[in-house]
Amino acid sequence: MPLEICTISGFTKTEGNSVAIKVDDEVVLLDMGLSMFDYVKFTEDMEDTSTKTYTALLNANAVPDYEHIDDWKEKVVAIIPSHGHLDHVGAIPFAATLFPPSAKIIGTPYTIEVLKSILRDEHLKIPHQLVVLNSGKSCKLSKKITIEFIHITHSIPQTAVVVIHTPYGKVVYANDFKLDNTPVLGKKPDYAQLKKLGKAGVKLLIINSLYAHEHKKCPSESVAQEMLRDTMLSVSSEEKAMIVTTFSSHLARLKSIIALGQKLNRKIVLLGRSLDKYVMAGERLGLINFTNQVTLLRQRDQVEKMLQRIQKEGKEKYLIVCTGHQGEPKAILSRIARGDLDFKFEQGDVVIFSCQVIPVDINIENRDKLERILRSGGVRIFRDVHVSGHGAREDHRELLEMLRPEHIIPIHAEPAKGRMMAELALQMGFKNTHVMEDGKRLSLK
């Protein structure tokens, strides 16, 4: 059987993405992600981080279950994260050692830099070689397998569509993506290469289906920039605190927030470990240069001193960008709201959530608690100042038209949304859509 696929994780539920592609006697792993709902739940009350092992995380359903490919483990020649989000790269520090040390970990420069940061933060080492591959480039793994990265837009820099070239056809892995023609950071998608790929023929497309039910095209990040401009510059905030919280990995969004903070003539401070992790990774690669414009602090004592200083000097002089957009109890925004830090909210202070609530129970509950506390103190809340980084149904349609795949597997979605992708594909004349579940296998001849 020339091509075999094991849909390890990201099919029965929407997180913990991981897929294995077997080409004769060699296996490539695409993504190795955390299930963020279960990971946050597991680590929320954790004091001893040494218990954060693959086995413990597996028992908490927070990492992919690689027992599904026990018979393939020794055949793995590469682990390829498509981008730097934790639900795609975050399990590598814990799970990579299940596979041969000779297996290379291949990612775009920013993805590899984020992975290095995670390894440092977790105080972990892995024996595998970390290989940087730029979008638009290829890497020959063996006589039968060549890897190609094609640039695509998403809510984190240097996301790639991964192409596996094999003697039996091309496998295209287009997990998180949107088709953004006016991005705030970086270039628009490489449409020319995607169309060229489609003309050459695609055996299998594995496609993100998170918003297969949304009958629209995902708006550009430049729309989010205008939403922020309208909110931050028009709201009456004289003599008031202004706090913005968003995804720490969303460097394009942070770029917009910083520029608008400068227009407000506020000193800008970025507070939180995850902000430091993603911003400094971007700075080391020269993608951004925020620290010449902002104060960036990650250590608890530094954060506490800064908030004391802001309270003393005047909250109206500062724009605070901090962690806590999902209402995470340990994040800085929740700690401020609870009164755990020397910074007091007052009537009319402004909190802007440049994000959406990720729709899992723990996030909904945490955000609800946080917003209730904020409202009780008279804080003005601005929600959903945001556009998604995930394409919707019309983005899916455009990608399908460009690639014209022989077979389709929906990923990053439970089976109900997978069936919606299959419905769209069938309308377009694609008859071979395989709606999979975690741990299942498919053979393609």
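Helices (H or I, at least four residues) and strands (E, at least two) are DSSP runs, numbered from the N terminus. The model shown in these views is predicted: local features need pLDDT of at least 70, side-chain atom pairs count only at pLDDT 80 or more, and totals for chains, interfaces and linings use all residues. Residues are numbered from 1 along each chain as its sequence is written, and side-chain values use heavy atoms, with hydrogens and water left out.

**View A. Ser220 in the loop between strand E11 (202-208) and helix H7 (221-234).** Ser220 is buried, at a relative accessible area of 13%; buried means under 20% relative accessible area, exposed over 50%, and partly exposed in between (1.4 Å probe, protein chains only). Its side chain is joined to that of Thr182 by a polar contact of 2.7 Å, and a polar contact of 2.9 Å joins the side chains of Ser220 and Ser222. A polar contact is a pair of N or O atoms within 3.5 Å; within protein, one must be able to donate a hydrogen and the other to accept it, and residues adjacent in sequence count only if both atoms are side-chain atoms. With residues up to four places away in sequence not counted, Ser220 touches Lys178, Asp180, Thr182, Pro183 and Val387, where contact means heavy atoms within 4.5 Å. Pro183 is 37 residues from Ser220 along the chain, and their C-alpha atoms are separated by 6.5 Å.

**View B. His412 in the loop between strand E18 (405-411) and H14.** His412 is buried, with a relative accessible area of 4%. Although not a glycine, His412 has a positive phi of about 60°. The His412 side chain reaches the backbone oxygen of Thr14 at 2.8 Å and makes a polar contact of 3.3 Å with the side chain of Asp87. Beyond its neighbours within four places in sequence, His412 is in contact with residues including Gly10, Asn17, His88, Asn175, Asp176 and His390.

**View C. Asn432 in the loop between helix H14 (415-427) and strand E19 (440-444).** Asn432 is partly exposed, with a relative accessible area of 34%. Its neighbours within four places in sequence left aside, Asn432 is in contact with Glu406, His407 and Ile408. A polar atom of the Asn432 side chain lies 3.2 Å from the backbone oxygen of Glu406. Phe247 is 185 residues from Asn432 along the chain, and the two C-alpha atoms are separated by 36 Å.

**View D. Glu239 in the loop between H7 and strand E12 (242-246).** Glu239 is exposed, with a relative accessible area of 57%. Glu239 is not a glycine, yet has a positive phi of about 65°.

**View E. The largest nonpolar core, of 59 residues.** A nonpolar core is a set of buried Ala, Val, Leu, Ile, Met, Phe, Trp, Tyr and Cys residues joined through side-chain atoms within 4.5 Å. Those with the most contacts inside this core are Leu29, Met32, Tyr66, Ile69, Ile79, Ile92 and Met232. Helix H5 (residues 109-122) gives the most to the core, with six residues. Tyr66 touches Leu29, Met32, Tyr54, Ala95, Leu98 and Phe99, among others, not counting residues up to four places away in sequence.

View F. On a 1 Å grid over the protein atoms alone, a cavity is a set of points where a 1.4 Å probe fits but cannot get out, and a pocket is an open set with protein on both sides within 12 Å along at least five of seven lines; lining residues have an atom within 4 Å of a point. Grid points are joined across faces, edges and corners, and a volume is the space filled by probe spheres set on the points. The pocket is lined by 28 residues, of which His151, Gln158, Leu185, Gly186 and Lys187 lie nearest its centre. Strand E8 (146-152) and helix H8 (251-263) are the elements that give two or more residues to this lining. By class, the lining has 11 nonpolar, 13 polar and four charged residues; Ala, Val, Leu, Ile, Met, Phe, Trp, Tyr, Cys and Pro count as nonpolar, Asp, Glu, Lys and Arg as charged, and the others, Gly among them, as polar.

**View G. The largest cavity, with a volume of about 40 Å³.** The count comes to one cavity of 30 Å³ or more. Phe11, Pro410, Ala413, Glu414, Pro415, Gly418, Val435 and Met436 line the largest cavity. The lining divides into six nonpolar residues, one polar and one charged.
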